[in-house]
Amino acid sequence: MGMSLSSCWDEHSSYECGAHSFQYWPVNIYRASMSSLDQNQGLHLSCRDKTTVSSDSSDALELAKQPLQGLKLASHAVLERAQQEGRLKCTKCGGSRMFFCYTCCSLIGVAQQEIPFIKLPVKIDIIKHPNETDGKSTAIHAKILAPSDVTIYTYPCIPDFDKDQVVLVFPGPGAVSVHDMMQCLHDRADSRSHNQPRIKRLKGEEVQGATHTAENPEAETPDEAKAPESRVFPLQRVVFIDSTWNQTNKISTDERLQDLLRVELKTRQTCFWRRQKGKPDTYLATIEAIYYFLKDFHEHSLDQEYNGEYDNLLYFYSYLHSVVNKAKTSAGKC
């Protein structure tokens, strides 16, 4: 699996909090032409902004060592300061942590106003395997940076999902791309509505109902009132599985997730330092998967130009990536 963040950091500063290494098959809808990590640049330039590509091979090789360049990120100065101060005890669980407590989902030695707050266009639900090591998971990054839009559940806890408004980002038979996702949701909803038996009403009821609606347009049922909006924007939640690849089967085959539309991310390459041995570089860390999904969603589903709106989801990840690389370089392993 190579050198983990904890092993790198323990030699220099003893920090455990890493990103998680659930790899989303060679299926990744979590990224597009981006301000960092675009696959179509060969080598490990896949993790860079296209604008930084140089025709000079030596420059390209050097840039490949810094894969998260080009992101629009908040300043890392606060993390550099916290790193110098070292580990602190979490006031809730007593654990020795740096930056944040991955057990309690709370910041440590860093104030809330000092780190970016990100508002997401859809809610994110993360189903975490009970045996997934908290300190190695990047799912916590999303929860801390987008607290109002991200919820983490520990399996077997899975909420009830509306299958017409929720997708599961996971490879499998019938999985679609982000580009095709919204149309598939619309098609599924249309098919379901056409198969619903129509309740026959008496003429009097029909007239009365029509009059009532005309005179009181605001007196619609909640479902009727939101129907136009949901028709345009049917996606409400996106589900991710947080686990190593070898642990995913039990969660992904759970009957509660079987009716959800599956979405694949096929075109991205991981920059994770804790790579799983024998797995391709298209297997993404959880925070990478979330980031790339949202970026593609922004471009393909919202049909808007991407200007770094979700780059700060990689705020902690990019900093830890640089720390690990420096540790490897110092140890002569890079």
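Colleague: How is the word "buried" to be read, and what percentage of the residues of the protein count as buried?

Modeller: A residue is called buried under 20% relative accessible area, exposed over 50%, and partly exposed in between, with a 1.4 Å probe and protein chains only. By that reading, 49% of the 334 residues of the protein are buried. Please note that this is a predicted model, in which local features need pLDDT of at least 70 and side-chain atom pairs count only at pLDDT 80 or more, while totals for chains, interfaces and linings use all residues. Residues are numbered from 1 along each chain as its sequence is written, and side-chain values use heavy atoms, with hydrogens and water left out.

Colleague: What secondary structure does the protein have?

Modeller: Helices (H or I, at least four residues) and strands (E, at least two) are DSSP runs, numbered from the N terminus. In this protein they amount to 10 helices and nine strands.

Colleague: Among contacts between residues at least 6 apart in sequence, what percentage join residues at least 24 apart?

Modeller: A contact means heavy atoms within 4.5 Å. Of the contacts between residues at least 6 apart in sequence, 79% join residues at least 24 apart. Asn307 stands 8.3 Å from Lys72, C-alpha to C-alpha, although 235 residues separate the two in sequence. With 40% relative accessibility, Asn307 is partly exposed.

Colleague: How many salt bridges does the structure hold?

Modeller: A salt bridge is a side-chain nitrogen of Lys or Arg within 4 Å of a carboxyl oxygen of Asp or Glu. The structure holds 11 of them. One of these joins Lys119 to Asp149, with the closest N and O atoms 3.1 Å apart. Lys119 belongs to the loop between β4 (106–108) and β5 (123–128), and Asp149 to the loop between α4 (139–145) and β6 (150–154), so the pair ties together parts that are 30 residues apart in sequence. Lys119 is exposed at 52% relative accessibility, whereas Asp149 is buried at 2%.

Colleague: Which residue forms a salt bridge with Arg237, and why does the pair tie together separate parts of the sequence?

Modeller: The partner is Asp125, and the closest N and O atoms are 2.8 Å apart. Because Arg237 lies in strand β8 (residues 237–242) and Asp125 in strand β5, the pair ties together parts that are 112 residues apart in sequence. Arg237 is partly exposed, at 27% relative accessibility, and Asp125 is buried, at 0%.

Colleague: Where do Glu299 and Lys295 lie?

Modeller: Both belong to helix α9 (residues 286–301), four residues apart, about one turn of the helix.
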